[in-house]
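Welcome, and please take a moment with the sequence and the model below.

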2 protein chains.
Amino acid sequence: MARASLRENIVDAALERFHAQGFNGCSVQDITEAAGAPKGSFYNHFKTKELLALEALARYRDDSRMGMLFEGDKPPLKRLRAHFEFLAARLKGWNFERGCMIGNFAADMADDYPVMREALNETLARWSGAVGSLLRQAQAEGQLAQDRDPEVLARFLVNSWQGAVTRSRLTKSRAPLDDFLTCAFDLILVRPLIDA
Amino acid sequence: MARASLRENIVDAALERFHAQGFNGCSVQDITEAAGAPKGSFYNHFKTKELLALEALARYRDDSRMGMLFEGDKPPLKRLRAHFEFLAARLKGWNFERGCMIGNFAADMADDYPVMREALNETLARWSGAVGSLLRQAQAEGQLAQDRDPEVLARFLVNSWQGAVTRSRLTKSRAPLDDFLTCAFDLILVRPLIDA
């Protein structure tokens, strides 16, 4: 029995190729070739290239470990920082190429692919929601000033992270991510209550 | 005499098509067709599609009026806000499609087009520099806390704006831009010294 089905191979290859080349930058043929699959087999498994991209996005999201925002018993702001450090280390491991697949798909597909747009909106809303719930917890514990709105701040931080990641693809360095961390935590830590 | 040369028509069409479809999403033929130019004429005027994209970027940059950061005699933070409001109104005028061409080119071209990468880096560095000089001025006038680093904050704000613009393409609304403005000015205005 084959270790992975042809379908699985195609999704694996799509995750890798879409991330490296963008939705418009790679063809179905690029993906089937990378998967070692006959091009003709593609449409046996996927109705459209967009539907394949949606599966790749779901897998990318799983790999991004948003769940770690809720794991462990560290204080909420330490968990938040650890999450961004995990993502930064992953980007470094990719040599600051590729960027974030969510932002890449947004740039390529936001206007012409409503199903993908909805999936990206939901992904970012879920991520912002997770960050917001950590911030709310931090506020309850007195680590975030009461005059901050955790939901607004969470959306801003998630969007700002995306912008920092794009810039790190241009500088090919961590510097924009460090600028993000410095300013994000300046924004949060209006009072020096934690030793972050 | 023709009002615009064929070359100019191609650059105009490129600005429009690249912005709407991304670098990988449109072909040289899409651009020459939009310009009403024979496809064969393209390579008389441009050596590569990348070189055309660089001209389109230069024109986009001129249209983005970074110069307004230095114009007029309003207080620096009011000028900063007016600049972002100008950009937000432009995005609304585009119905929150298209996004920012700088960010779009970054997503499509950062890894494989070193000349474009350099041009994008320079564009963002110049923009960040302009924002930084306003922030420095604000600091000198006592409107920005002394413990903020104007250069780090400027880079962060420019990158964060890019992220907010990408998200506004997904939500098709101003909301992410307003989140940006709220949090950016929270970050700047650590003391309520101006009536922004």
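A salt bridge here is a side-chain nitrogen of Lys or Arg within 4 Å of a carboxyl oxygen of Asp or Glu. With that in hand, look at Glu8(A), Asp12(A) and Arg59(A), which are linked in a network of such bridges. In general terms, side chains of opposite charge can pair when their charged atoms come close. Please keep in mind that this is a predicted model.

**Salt bridges, one by one**

Over all chains, the structure holds 24 salt bridges. Three of them are set out here, with the distance between nitrogen and oxygen.

| Pair | N to O distance |
|---|---|
| Glu16(A) and Arg17(A) | 2.8 Å |
| Arg17(B) and Glu16(B) | 2.8 Å |
| Arg155(B) and Asp179(A) | 2.7 Å |

Asp179(A) and Arg155(B) form a salt bridge whose closest N and O atoms are 2.7 Å apart. Asp179(A) sits in helix 9 of chain A (residues 175-188), while Arg155(B) belongs to helix 8 of chain B (residues 150-171), so this pair joins two chains. Is Asp179(A) buried or exposed? Its relative accessibility is 8%, and the cut-off for buried is under 20%, so Asp179(A) counts as buried. Arg155(B), in turn, is partly exposed, with 29% relative accessible area.

**Where the chains meet**

How many salt bridges are there between chain B and chain A? The count is 6. The contact draws 44 residues from chain B and 44 residues from chain A. About 3600 Å² is buried between the two chains, and carbon and sulfur atoms give 56% of that area.

**Chain A as a whole**

Chain A has 9 helices and 0 strands. Its C-alpha trace spans about 60 × 35 × 30 Å along the principal axes. Of the 196 residues in chain A, 54% are buried. Among the contacts in chain A with a separation of 6 or more, 67% come from residues 24 or more positions apart.

The accessible surface of chain A is about 8400 Å², and carbon and sulfur atoms account for 50% of this surface. Returning to charge, chain A carries 26 positive and 26 negative charges, and their mean positions are 2 Å apart.

Terms used
Residues are numbered from 1 along each chain as its sequence is written. Chains are lettered from A and ligands numbered from 1 in the order in which they are written. This is a predicted model: local features need pLDDT of at least 70, side-chain atom pairs count only at pLDDT 80 or more; totals for chains, interfaces and linings use all residues. Side-chain values use heavy atoms; hydrogens and water are left out. Helices (H or I, at least four residues) and strands (E, at least two) are DSSP runs, numbered from the N terminus. Buried means under 20% relative accessible area, exposed over 50%, partly exposed in between (1.4 Å probe, protein chains only). Contact means heavy atoms within 4.5 Å. Accessible areas come from the Shrake-Rupley method with a 1.4 Å probe; for residues, only the protein chains shown count as cover. Lys and Arg count as positive and Asp and Glu as negative; His and the chain ends are not counted. The place of a charge is taken as NZ of Lys, CZ of Arg, CG of Asp or CD of Glu. Buried area is the accessible area (1.4 Å probe) that two parts lose on being put together, summed over both.
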